[in-house]
Structures are given as structure tokens and as C-alpha cells.
Amino acid sequence: EQSGPVPSVDSLPPPKEGDYVDIFCRATNRIFRGLVVKSVRDAVEMQPAGTAPPDLISKLKARPEWPGISRPVWLVIAGSVPTALGWYG
């Protein structure tokens, strides 16, 4: 199912006057976006819904979609185990 365009930071309305939490979050996002290597930023860039391949492994490794793709809980857990073993193993 295709949806509208993927929202971007540039498409957000400006923060409201005096909304310091919003201003802080946007500034923090901009700072960290600049610190992340471009190849990593490209790998996790949002894409339109329905662009992920249908097989399980490809769906597990797919970039984030707008709106999000449905992944079964067991698949997310199975994909997270190797990461947990790498961090905490």
C-alpha cells in the first residue's frame, strides 16, 4: 500500500513561540544528524510504505517506512538476539 510523501524535517512547521522543548529537540536532532556518517544516514533514511521486499529476511533488514511496516513480534525478537549477543554476550 503506497502512502503520501515521506515527511522530512524541512516539512515540519516552525516551533511555537516559547516552546523550548521543541526547539531543544530540533537542535539536538540537527547536531546528531551532522555527527552520523552519511552512509549510515542513507541506510536508515525513511522510504515510502510498500517498498520493502516481501520475504522475511529482507523485511527484517528493510529501512524504516512511512507509515511503518508491520513486522511480527517473533521476527523482531529473532532479529534482535544477535544484536543483544554482540552487545552483552
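I started with helix α4, residues 73–88: its 16 residues reach 21 Å from first C-alpha to last, close to the 22 Å expected at 1.5 Å a residue. That expected span is 1.5 Å times one less than the number of residues. Helices here are DSSP runs of H or I with at least four residues, strands are E runs of at least two, and both are numbered from the N terminus.

A note on what I'm looking at: this is a predicted model, where local features need pLDDT of at least 70, side-chain atom pairs count only at pLDDT 80 or more, and totals for chains, interfaces and linings use all residues. Residues are numbered from 1 along each chain as its sequence is written, and side-chain values use heavy atoms, leaving out hydrogens and water.

Back to α4. I found a kink of about 30° at Ser-80, shortly before the proline Pro-82. The bend is the angle between axes fitted to the seven residues ending at a residue and the seven starting there. How many of the 16 residues in α4 are buried? The count is 1, so α4 is hardly covered; buried means under 20% relative accessible area, exposed over 50%, partly exposed in between (1.4 Å probe, protein chains only).

Then I checked the whole chain. I got 4 helices and 2 strands, running α-α-β-α-β-α from the N terminus. Buried residues make up 7% of the 89 residues.

Last stop: Val-37. I found Val-37 in the loop between α1 (20–35) and α2 (38–43). Val-37 is exposed, with a relative accessible area of 53%.
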